[in-house]
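Subject: The structure to look at

Hi,

Here is the structure I promised to pass on. Have a look at it first, and then read on for what turned up.

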Amino acid sequence: MKTIRYRSRGQEVHYLEELLTKLGYKVYVSTFFGRDTHEAVKDFQSKKGLVVDGIVGLKTWSKLIEAERNLVAFNDKFLSEQDVQDFANQFGLELAMVKAVNEIESRGKGFLVDGRPVILFEGHIFWRELEKRGVNPSQYVSQHTKDVLYKKWTRTHYKGGAGEYDRLEKAAGISDLPAFHDAAYSSASWGAFQIMGFHYDYLGYASIDHFVSEMYEHEREHLKAFGKFIEKTSFKGKKLIDWIKEKNWAKFAEGYNGPGYKKNKYDTKLKNAYVKYSNG
């Protein structure tokens with residue numbers, strides 16, 4: 001495992017922060033090794049009798065992984081080569097296409113280290129989902145709820161990692177009305193491909209709880225939901241899956257990611273990944 005420290009960046013940092021969260025530390029889960037993570041690492045090192053330097057090298061990684069008891073269950077939920085091949089066969093896609101989309105459009109992995117699917121809770125979607133169920137959201141806005149219930153999108157309240165489940169449960173618990181549970185769970189994106197919960201009916205799931213239970217099972221289910229989404233969703237006259245088949249990465253990226261795809265160069269990344277996997 002790569003040695004990382006304060007101000008490091010990358011997926012190793014994301015994994016470290018997930019581990020620390022699972023172990024009870026309040027750190028922001030991202031790909032940046034911030035001050036909060038630095039202090040958490042030093043505290044962990046102190047408790048484990050290690051040199052307290054904030055540097056996560058072999059010894060600290062070993063102690064962290066030793067402390068994490070649920071890694072086996074977590075690792076059993078990863079996509080396999082066969083899963084990706086089966087998906088390609090089912091939808092008539094080249095394997096390289098599927099691998100490119102999986103690399104660029106997924107979050108890298110679909111589960112937290114505690115075995116729960118990755119989510120991101122959106123308070124502005126929660127507002128809309130309550131309205132769809134006949135609830136006036138403004139009646140429930142307070143100092144206590146303002147981080148989970150708001151009318152316009154903002155990233156201010158994101159916590160990342162397991163912290164998003166705290167926000168989800170807080171939203172669902174605002175009222176005992178069933179509408180709050182359904183609206184809250186419909187207002188998070190789920191799994192590796194960030195499929196919004198409110199799509200559950202559109203994608204053929206019996207209920208939001210049915211959709212969520214599938215997302216808990218395996219990254220294979222995340223890929224399955226993604227397949228349903230790109231097969232059913234149209235953009236500029238064609239299904240998203242057809243834009244993939246035509247290798248029109250710009251149209252697919254715009255349809256899947258929105259107009260911000262250019263800024264993030266998703267089309268270029270998809271094309272480059274496809275070329276990479278096509279060449280072996």
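Predicted model: local features only at pLDDT ≥ 70, side-chain atom pairs only at ≥ 80, totals over all residues.

UniProt, in an unreviewed entry, gives residues 94–277 as "domain: N-acetylmuramidase". That span is 51% helix and 7% strand, and its end C-alpha atoms lie 10 Å apart. The unreviewed entry also lists residues 9–64 as "domain: Peptidoglycan binding-like". Here the end C-alpha atoms are 19 Å apart, with 57% helix and 0% strand in the span.

**Salt bridges**

How many salt bridges does a search of the whole structure find? The count is 16. Here are a few to look up.

Start with glutamate 129 and lysine 132, whose side chains meet in a salt bridge at 2.9 Å, N to O. Both sit in helix 7 (residues 123–132), and because they are three residues apart there, about one helical turn separates them. Are the two partners buried or exposed? Glutamate 129 has 4% relative accessibility, so it counts as buried. Lysine 132 has 59%, so it counts as exposed.

Next, lysine 170 and aspartate 147 form a salt bridge between their side chains, 2.8 Å from N to O. Lysine 170 belongs to helix 8 (residues 163–172), while aspartate 147 is in the loop between helix 7 and helix 8, so this pair ties together parts that are 23 residues apart in sequence. Lysine 170 is partly exposed at 24% relative accessibility, and aspartate 147 is buried at 16%.

Then there is glutamate 246 with lysine 238, where the closest N and O atoms of the salt bridge are 2.4 Å apart. Glutamate 246 is partly exposed, with a relative accessible area of 43%. Lysine 238 is partly exposed too, with 29%.

Salt bridges can also join up: Arg35, Glu39 and Lys42 are linked in a network of them.

**Around helix 2**

Which residues does histidine 38 touch, leaving out those up to four places away in sequence? They are Tyr6, Phe33, Asp53 and Gly54. Histidine 38 itself is part of helix 2 (residues 35–47), and with a relative accessible area of 11% it is buried.

**Aromatic rings**

The structure holds 14 aromatic pairs. In one of them, tyrosine 185 and tryptophan 190 have ring centres 6.1 Å apart and planes at 15°, so the pair is stacked. Planes under 30 degrees apart count as stacked. Tyrosine 185 is buried at 12% relative accessibility, and tryptophan 190 is buried as well, at 1%.

**Two lysines with positive phi**

Lysine 236 is not a glycine, yet its phi is positive, near 50°. You will find lysine 236 in the loop between strand 4 (234–235) and strand 5 (238–239), and it is exposed, with a relative accessible area of 53%.

Lysine 247 is another residue with a positive phi, about 60°, although it is not a glycine. Its place is in the loop between helix 12 (240–245) and helix 13 (249–257). Lysine 247 is partly exposed, with a relative accessible area of 35%.

Happy browsing!

How values were computed: Residues numbered from 1 in each chain as written. Heavy atoms only, no water. UniProt positions renumbered as here; feature names shortened; annotations may be inferred. Helix = DSSP H or I, 4+ residues; strand = E, 2+ residues; numbered from the N terminus. Salt bridge = Lys/Arg side-chain N within 4 Å of Asp/Glu carboxyl O. Buried < 20%, exposed > 50% of the residue type's maximum accessible area, 1.4 Å probe, protein only. Contact = heavy atoms within 4.5 Å. Phe/Tyr/Trp six-rings, centres within 6.5 Å; stacked < 30°, edge-to-face > 60°.
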